[in-house]
Amino acid sequence: MYMKPEGKKRIWAEYQKEIPDDHFFYVRSCIRQTFFAGSEQCFLKILRDDLGKDVFEDPRHTTCTGIGYHGDVVPFETIQAVVARHFSLATEAGYKHIAISCVTSFGIYTEILETWKHFPETLERTREDLYKATGRTFDVPETISHTSDIIYKFRDQIARKAKYNLVDINTGKPLKVVEHIGCHYSKMFPKSGIGGAEFPHVLVGMVEAWGGDIIDYPERRHCCGFGFRQYLVQANRGYSLFASRKKFESMEPYRPDLIIANCPGCTMFMDRWQYTIKEMDGISYGADGKGIPVLTYEEVAGLVLGYNPWEIGLQYHNVQSMPLLRKMGIKADPSERFLARDGSRLPEPANLING
Amino acid sequence: MEDLYSRLMQDIRFEEGLKACMNCGICTGICPAAEYYQYDPRRVVDLVQTRNNDVIRELLKSETIWYCGQCMSCKTRCPRGNTPGMVIMALRKLSQELGYFTASEKGRQQFAIKRTVGDNVLKHGYCVVSYDVDPAAHPEQGPAWEHYYNHMDDSLARLGGELNGKEGPTRLIPDDVLNELKSIFKVTGGQDLYDAIEDASEKKAEEMGMEFKKEGRDFEYFRHVVSADNGSHQSEPEDVRKDVYETRR
Amino acid sequence: MKTNTAHIIVAGGGVAGMEAAGTLAGMGYRVTIVEKGDEPGGHLLKWHALFPDRRPAEEVKDYLRKHIENRNINIITGTTVEKIRHHGGGVLVNLSGGTEEKADAVIVATGFDLFDARRKEEYGYGIYDNVITSAELEGMFNRGRVVKADGTVPARIGLIHCVGSRDEKVSNNHCSKVCCVTAVKQAIEIRKMIPSCEVFCFYMDMRMYGPYYEELYRESQEFHNVNFIRGKVSEASVNINNRLVIKVEDTLAGRPLKMELDIMVLMVGMEMAGAGMKLAEASGMKRGINRFLETTDHHYGNNLSGIKGVFYAGTCTAPMNITDTISHARAAVAETVRYLNGR
């Protein structure tokens, strides 16, 4: 609105990082697996089936222990060795490019590689530790990317295959989209994020390639409030709620149709806290005043490509996506949301927003 | 008496995180914790750079160092190249190593994090496991999660996963892999930190006259640390210049 | 060799260059000023009023123009000095445009560039309306109107000190010295122009080092109601009413605060001029860690380059105000003359 896009374009041009074209070693996210399992599978399907890429997953990979590390119960030396073990698995399988599903992980892998670069003795120490503990050796990977970087890289190919766009078919106008970047994506090392830390481009690029309009609002860069221990421990959860609420109140005047996030934690919190705020205070946000659907970028990519929303897991959000689907012209039968393995209907949850 | 500042300097995150602070406040200006809690990262760093043992010991025992949410927004902006968030991480580590964390209400919560996230890592190979996120303990997760939790097999099957399956999301991490993790924790000091948290917490529970169990979460001390709130942590908005400043909260 | 048939080239026609050239010409030397702009004057051409007493910049511009009205001076505009090397007993100077000039000595007066505010991305310069630099504000003073981008009168203006200075994130650890007093001056000027407009200066330190600077600071508070908040602004964004929203800590109160502003003025610092850097690279002139030209001794050799026949004048060596630039240029002349006499 009151902005000069040339200024942002100049910044984006300066922060272009190298994202590989193919042959990725995929490491999953604790939060994404738990709360958005459909998202991870959607990412793999898009890359393998729609784009013909090689994405390899070794089932022996584990958590990176990032939540433990930022919860201050796991030491830095330990997490370096755990991550090095993943590098060892990648080396074994012959992969040089890591595709990381979690944003906290991405931040940690970046922090570790930077530490090894500036303090080579820490790399030596990690080699010793890993060898002593497991007999493993490893090569330092050539690149690490967050999986949103990869979808960003292929956003135009996805756009060409798009069955639906981020456009309101009733008005012909682009949807108004809030893009939320996980703090650990680029706040620590701005050069490691597409577009840097102040005006990250990774989600903007996707949204615009798929027809949507981006909203800038005062609290855009504010943390969603995960805060690790601030959510993990019940007594601290007010912090987490407060942070998300601040963002909602700041974006509200712009009446967003959708929030897209690249961090699984952020996606989860901005969905859960909308539910909580509605229960506590009866307040809802968004273009329809009935809540703003919060989607992972994988879910958005999946919708654009025409995947069945219920097979990628949109029904497992508290803020249901029906208003968004209607705007995009996606026909999805709400009665098919909650099905058992055998296709029978499960009892529908009550109190969903837009349920 | 041990020199705490030297001890902090051994932590590479501290070495990276603190060069010299000129008190510009750019970190506090952007800090989510400073908005919500009685917390000021600038003041913490300024205290630490005195290098004074007594000052640092007070910090290690205080509530103050537990308010940070580790968003690292401070790292992006500091004109001296400091990172209060990393200074906090080093302080928290030292506080736990020395047992000081049990002196504060927020610090005692580390026990809960160890018993949940910490134990999950070695028992399951994940920080968070879906079957552990009990809707009863997490009402904020809402009806969508409650449904998913109660129908996990069916829901996961639809999404292309299998709880404790061979591969895919929420697969079972096999024992040999868990043993590698355990070994890594032993070699790198991770197990030592877990033990330090357990030992200090057990002592504290005894001191507070609360029931303590060596496994699990169903006992008085655990329930206490996850829920206790003495009401003194949050900031009070005393806006002296209401005409100009927006309220901070 | 008779000293007053000597020819000196002055690289740069800003304040230092004009002062040095006029002083040399007045002593009978032949001088060539090489100036990259269309006319001499440098940054001074942009200013409206000068600290500390807010006297019109025009008066100093007039002095300098008259100072170089001398038939011993030849001015080449639209040109930079690209390389200086020794030749015979003197120097050979390559100019952009391809020509070469011979001289007995060179005074390098290539000056400073203002920090490019776009590099502080978090302030949104070049992206959000109403984020302007101190130089642009001075331009508004010249035009007699301080208004928002939409032409309306501002109700609150914030001046942000230390933009591009004292900041590792943009590789400028140095203090640019004059921005604090400039901010106080500009704050007073805004208050006088628009009595209804609130003015806030966001500072880390108040570096009021020069004569009457500290008094100006006091005057701004006592008579002009300028507000001072000690805290470096962390970020700016825009809300739905097109007002800027800034986040900062009021460090003296020890609490974070958010505030709406109509206009945010970035007090941009000084950096070694780009043209000067190219010249230094090409000619083997040493630069210090702050990227300005390094002199042979910062106490008593502050105009000396360590290269025979090459002398430094003005802000190519360090941030300085106009008074000190003029003095520094005169000192460069003294060093040059001493050198020429001693050959």
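## A buried strand residue in chain C

C:I107 is found in strand β9 of chain C, which spans residues 105-108. The model described here is a predicted one. With 30 other C-beta atoms within 10 Å, C:I107 is buried, because 20 or more such atoms are enough for that class.

When neighbours within four places in sequence are left aside, C:I107 is in contact with C:I8, C:V10, C:A20, C:F311, C:A313, C:A332 and C:T336.

## Nonpolar cores

The largest nonpolar core has 223 residues. The members that touch the most other members are A:I260, B:V87, C:M264, C:V265, C:L266 and C:M267. Helix α5 of chain A, residues 76-93, supplies the largest share of this core, with nine residues.

What does A:I260 touch, not counting residues up to four places away in sequence? Its contacts are A:V177, A:E179, A:L203, A:V207, A:L295, A:Y297 and A:V300. There is also a second, separate core of 51 residues, and C:V15, C:Y29, C:V93 and C:L293 are included in it.

## Two helices of chain A

Two packed helices are described by the angle between their axes and the distance between the axes. In chain A, the axes of helix α3 (residues 37-50) and helix α15 (residues 297-305) come within 8 Å and cross at roughly 50°. α3(A) and α15(A) are therefore oblique to each other, and the crossing in which α3(A) passes α15(A) is left-handed. On the α3(A) side the contact is made by A:S39, A:C42, A:F43, A:I46 and A:D50, and on the α15(A) side by A:E298, A:E299, A:A301, A:G302 and A:L305. By class, five of these contact residues are nonpolar, two are polar and three are charged.

Nine of the nine residues of α15(A) are buried, so this helix is largely enclosed by the rest of the structure. The buried residues include A:Y297, A:V300, A:L303 and A:V304, as well as the charged residues A:E298 and A:E299. Just after α15(A), A:G306 takes a positive phi of about 90°.

## Contact between chains C and B

How many residues of chain C are in contact with chain B? There are 21 of them, and they meet 22 residues of chain B. The elements of chain C that give two or more residues to this side are β16 (244-250) and β17 (255-261). The largest share, five residues, comes from β17(C). The residues on the chain C side divide into 11 charged, six nonpolar and four polar.

## Backbone features in chain C

Most residues other than glycine have a negative phi, and most peptide bonds are trans. A cis peptide bond, with omega of about 0°, joins C:F51 and C:P52. C:P52 lies in the loop between β3 (49-50) and β4 (55-56) of chain C.

C:Y212 has a positive phi of about 75° although it is not a glycine. C:Y212 is placed in the loop between β13 (198-203) and α5 (213-222) of chain C, and is partly exposed, with 13 other C-beta atoms within 10 Å. C:R291, likewise not a glycine, has a positive phi of about 75°. The loop that holds C:R291 runs between α6 (274-283) and β20 (310-312) of chain C. C:R291 counts as partly exposed, with 15 C-beta neighbours inside 10 Å.

Methods:
Residues are numbered from 1 along each chain as its sequence is written. Chains are lettered from A and ligands numbered from 1 in the order in which they are written. This is a predicted model: local features need pLDDT of at least 70, side-chain atom pairs count only at pLDDT 80 or more; totals for chains, interfaces and linings use all residues. Two residues are in contact if their C-beta atoms, placed from the backbone, lie within 7 Å. Helices (H or I, at least four residues) and strands (E, at least two) are DSSP runs, numbered from the N terminus. A nonpolar core is a set of buried Ala, Val, Leu, Ile, Met, Phe, Trp, Tyr and Cys residues joined through C-beta atoms within 7 Å. A residue is buried if 20 or more other C-beta atoms lie within 10 Å of its own, exposed if 12 or fewer, and partly exposed in between; C-beta atoms are placed from the backbone. Axes are lines fitted to C-alpha atoms, for helices over the stretch in contact, and angles run from 0 to 180 degrees between N-to-C directions. Angles under 35 degrees count as roughly parallel, over 145 as roughly antiparallel, 65 to 115 as roughly perpendicular and the rest as oblique. A crossing is left-handed if the near helix is turned anticlockwise from the far one by less than a right angle, and right-handed if clockwise.
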